[in-house]
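Hi there,

Here is the structure I promised to pass on to you. Have a look at it first, and then read my notes below.

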Amino acid sequence: MSTRPAPAPRRRAAHLGPERRRPLVLDAALALFAERGYRGTSMEAIAAAAGVTKPVVYECFDGKEPLFRALLDREEERLLEAVAAAMPRAPSFDEVEGLLHAGLAALLSAAASAPDSWRVIFEPAHAGEPAVAERVRRGREGVNARLRELIEPMLAAAGAERADRKAPVLAEVVTSVGEGTVRVLLRGDGGWTPDELAGLVARVAVRGPAAA
């Protein structure tokens with residue numbers, strides 16, 4: 001009578017300490033916060049999405065609020081880098097429409113490259129949570145400040161007077177208009193590319209609806 005060999009003992013997955021585990025937990029949390037908002041996301045759900053137990057998540061972060069704040073820090077930096085990378089290095093425009101087009105295209109391209117990052121920072125699902133609302137506001141201001149830093153030298157290179165005074169205004173216009181425009185882009189309405197949609201919005205903003 002033959003006997004089957006005993007199954008080899010199952011190897012346990014290598015233990016990851018909190019420092020190495022944190023990015024993986026944040027990756028799992030990002031999609032949940034973007035889809036469900038702050039209130040709709042639990043530490044249990046994050047643990048399940050990350051494939052770990054809840055105590056492991058608490059080893060990485062003391063609670064949902066510090067986890068969310070760490071996520072905002074990371075995703076804000078990701079968006080800022082994407083916006084900077086999408087801005088033209090040698091702008092060829094000499095009018096406001098061209099600058100708005102460039103700024104909006106950069107913002108839209110950044111959002112398209114990291115849609116969940118955008119949703120976590122800009123979508124209103126977290127607005128009613130006092131614990132995080134201020135941090136969300138600062139995230140928006142961080143993106144706006146980065147745009148201002150990029151727009152000012154472009155204005156100066158185009159020969160605009162008082163570029164330091166005009167850049168904050170144009171950055172706020174780009175951010176405010178961009179928030180609604182990004183929602184159109186991420187929904188896929190009309191199949192727009194970031195550059196096409198930015199061009200349309202910039203034309204209409206400067207010339208009026210007839211320019212559409």
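Predicted model: local features only at pLDDT ≥ 70, side-chain atom pairs only at ≥ 80, totals over all residues.

Two packed helices are described by the angle between their axes and the distance between the axes. Here, helix H4 covers residues 64–86 and helix H5 covers residues 96–113; they pack at an angle of about 135°, and their axes lie 8 Å apart. The crossing of H4 past H5 is right-handed.

Which residues meet where H4 packs against H5? From H4 come Leu79, Ala82, Val83 and Ala86, and from H5 come Ala106, Leu107, Ser109, Ala110, Ala111 and Ser113. Sorted by kind, the residues of this contact are 8 nonpolar and 2 polar, with no charged ones.

Now for the whole protein chain. How many helices and strands does it have? There are 9 helices and 0 strands, so if you trace the elements from the N terminus on, you read α-α-α-α-α-α-α-α-α. The chain has 212 residues, and 42% of them count as buried.

If you look at contacts between residues at least 6 apart in sequence, 68% join residues at least 24 apart. The accessible surface of the chain is about 11,800 Å², and carbon and sulfur atoms account for 53% of that surface.

Enjoy exploring, and write back whenever you like!

Best wishes

Notes. Residues numbered from 1 in each chain as written. Heavy atoms only, no water. Helix = DSSP H or I, 4+ residues; strand = E, 2+ residues; numbered from the N terminus. Buried < 20%, exposed > 50% of the residue type's maximum accessible area, 1.4 Å probe, protein only. Contact = heavy atoms within 4.5 Å. Areas by Shrake-Rupley, 256 points an atom, 1.4 Å probe, with all protein chains shown as cover. Axes fitted to C-alpha atoms, helices over the stretch in contact; angles between N-to-C directions. Left-handed = near helix turned anticlockwise from the far one by under 90°. Nonpolar A, V, L, I, M, F, W, Y, C, P; charged D, E, K, R; others polar.
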